[in-house]
Amino acid sequence: TKNSSKYHCTPSSGERTTTAKFSIVESNRFRELTHISLQLRPGSSESVQLYLSARLVQMLHGNNLLMTKFELASDRANRMETSLSAVREELRELSATMEAEKREVLL
């Protein structure tokens, strides 16, 4: 038989208007089972500032890591480009030498 469970979210307000509850509920034909329930309340100025400052620090740290990775990749790309230019120049020189030797053999 197929599993006939359904999941749904149920937001609800508490008796006081400053709190709310958010639940993830699994319903089947026999029962409703709450998997997670979150109590929500307004943050104080201090808690909101603390949360936002922590996220800012996290983002700045992540940005610094990305910048470091970018600089390393950019340096590597520049070295590879320089190496590629040197190899192309060597190829041109070898081609010119080969063409000159080919002309000498044909004469």
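Modeller: Two strands count as paired if DSSP finds at least two bridges between them. Strands themselves are DSSP runs of E, at least two residues, and helices are runs of H or I, at least four residues, numbered from the N terminus. This is a predicted model, where local features need pLDDT of at least 70 and side-chain atom pairs count only at pLDDT 80 or more, while totals for chains, interfaces and linings use all residues. Residues are numbered from 1 along each chain as its sequence is written, and side-chain values use heavy atoms, with hydrogens and water left out.

Colleague: In which sense do S1 and strand S2 pair, and over how many bridges?

Modeller: S1 and S2 (residues 20-27) pair in the antiparallel sense, over 8 bridges. Tyrosine 7 stands opposite glutamate 26 in S2.

Colleague: What is the order of the strands in the open sheet?

Modeller: The order is S1-S2-S3, with antiparallel pairing. S1 (6-13) and S3 (32-40) are at the edges with a single partner strand each, so one side of each has no neighbour in the sheet.

Colleague: How many salt bridges does the rule give?

Modeller: A salt bridge needs a side-chain nitrogen of Lys or Arg within 4 Å of a carboxyl oxygen of Asp or Glu. The count here is 2. In one, glutamate 89 and arginine 92 have their closest N and O atoms 2.8 Å apart. These two residues are 3 apart in helix H1 (residues 45-106), which means about one helical turn separates them.

Colleague: Is arginine 92 buried or exposed?

Modeller: Buried means under 20% relative accessible area, exposed over 50%, and partly exposed in between (1.4 Å probe, protein chains only). Arginine 92 is exposed at 52%, and glutamate 89 is partly exposed at 36%.
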